[in-house]
2 protein chains.
Amino acid sequence: MKDSIEQHFLNKVFASSGITQEELMRIIPRYKKVTFEKNDYLLKEGEVEKKYWFIESGFVRSYIIDTEGNDITFNLYASGDVVIDYPSMFFFAPTRENIQALTDCICWEINFESFQELFNTVLNYREQQRGLLVGSYFALKEHSISLIADQAKDRYLRLLKMKPHIVQNVSLKHIATFLGITDTSLSRIRKEIANE
Amino acid sequence: MKDSIEQHFLNKVFASSGITQEELMRIIPRYKKVTFEKNDYLLKEGEVEKKYWFIESGFVRSYIIDTEGNDITFNLYASGDVVIDYPSMFFFAPTRENIQALTDCICWEINFESFQELFNTVLNYREQQRGLLVGSYFALKEHSISLIADQAKDRYLRLLKMKPHIVQNVSLKHIATFLGITDTSLSRIRKEIANE
DNA sequence: ACCAAAACTTGTCATATGGCAAGAACTGCT
DNA sequence: AGCAGTTCTTGCCATATGACAAGTTTTGGT
């Protein structure tokens, strides 16, 4: 059993999910504290890793290499976020993306077997975790709509508003590809905004 | 209880999910056959409709109106697909999109209460439905990557390969906005492909 | 503190795609 | 069959963004 200071982060994660103290006592021991150093990979393309992580501290990036060899950031994660490749976790499908620590990170890891047991036996955990999945879907949907409907500048302003800590802590080239543009264009957009 | 001909579609849907005959007998009565006429709305923006549908026949489109008033197709559905707005179903959040029948449709509907009961009591149903959600996430992810990484022409070719029945049955203006381009550009792309 | 590497900016020019408007082809209704 | 409305195509020009390359600034390791 972890000491109470270490549990503090997980307590926060599961707070306000309707999860009871008794359920918490079953859930928390299933999560294991792990650390990653800057540039470590949480997942590499082609692997099947049946685990996922909550980030307590640090920044993480997922990316793919497209058909022309370009490195494209698919998602950016910060403290409090869940890092999970759903197809890998649930379909045993090889990951299509690389997930890499941008900074040293403290994470809480759970493997598929533990997850599955909690999911099937703890009602509120099931609800909460399904909610995480729906939330991921929703975020991706909003991002995808933004890619179609908004100008690059508006996409950047939206990210700046929604996730200022990401913009402040991640290099512009990664933010650029996440927004579907080049670092050159992002640089010009930032200049334009600064001159307004 | 529906007659066996009507059940044929649902039997197919749940086949190969590890669902037993006994479980099927609990699941199938929860789905209700409903029909939509061309142009009927399954869901309208701002509503909270706690149900979802399997499409047995027909075509369905979801779309949003962006900040400049443009109608943008967000998804296209055909026979065998699930039509669901996850945030509405699970978060009780007002739908951000309109979902409309493009043709007359036969669908199988289940409401949230029935879904929730089956999800919490039928293990294989739970697995299968979670799989649907993960599958939706995966499809959206691939589409989103394609929006960033591929040229419009490649996105069109990809859709043509993956969902030829959609391309054949849905008007080009809807396909165009789904691909993130205008109908004008799609028309030019099609001409270019035809001349190859 | 110094140097190399990485990150960021800026210039020039190229290109994919959009906006608009006109015409052609198709569709559905009576 | 005929007309109206919709869908699709095409031409012209505008514009957002990309590609490449050179310069500047920042960062990190020793």
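Two strands count as paired if DSSP finds at least two bridges between them. Helices (H or I, at least four residues) and strands (E, at least two) are DSSP runs, numbered from the N terminus. The model is predicted: local features need pLDDT of at least 70, side-chain atom pairs count only at pLDDT 80 or more, and totals for chains, interfaces and linings use all residues. Residues are numbered from 1 along each chain as its sequence is written, and chains are lettered from A and ligands numbered from 1 in the order in which they are written.

**View 1. Strand 3 and strand 6 of chain A pair in the antiparallel sense.** Strand 3 of chain A covers residues 51–57, and two bridges join it to strand 6 of chain A. A:Phe54 stands opposite A:Val82, which belongs to strand 6 of chain A.

**View 2. Four strands of chain A form an open sheet.** Their order is 1-8-3-6, with antiparallel pairing. Strand 1 (32–36) and strand 6 (82–83) of chain A stand at the edges. Each has a single partner strand, so one side of each is left without a neighbour in the sheet. Helix 4 (residues 112–121) of chain A lies across strand 3 and strand 8 (105–111) of chain A. Helix 4 of chain A runs at about 65° to strand 8 of chain A (axes are lines fitted to C-alpha atoms, for helices over the stretch in contact; angles run from 0 to 180 degrees between N-to-C directions).

**View 3. Chain B meets chain A.** Here 27 residues of chain B are in contact with 26 residues of chain A (C-beta atoms, placed from the backbone, within 7 Å). On chain B, strand 5 (71–77), helix 3 (86–91) and helix 5 (123–149) each supply at least two residues of the side that touches chain A. Helix 5 of chain B gives the largest share, 16 residues. By class, this side of chain B has 17 nonpolar, seven polar and three charged residues (nonpolar: Ala, Val, Leu, Ile, Met, Phe, Trp, Tyr, Cys and Pro; charged: Asp, Glu, Lys and Arg; polar: the others, Gly among them).

**View 4. Both chains supply residues near DNA strand C.** DNA strand C is surrounded by 16 residues (near: C-beta atom, placed from the backbone, within 6 Å). The closest are A:Ser171, A:Leu172, A:Ser187, B:Ala152 and B:Ser185. Helix 9 of chain A gives the largest share of this surface, six residues. The classes are three nonpolar, seven polar and six charged.

**View 5. DNA strand D has 16 residues around it.** A:Ala152, A:Ser185, B:Ser171, B:Leu172 and B:Ser187 come nearest. Helix 9 of chain B provides the largest share of the surface near DNA strand D, six residues.

How values were computed: Contact = placed C-beta atoms within 7 Å.
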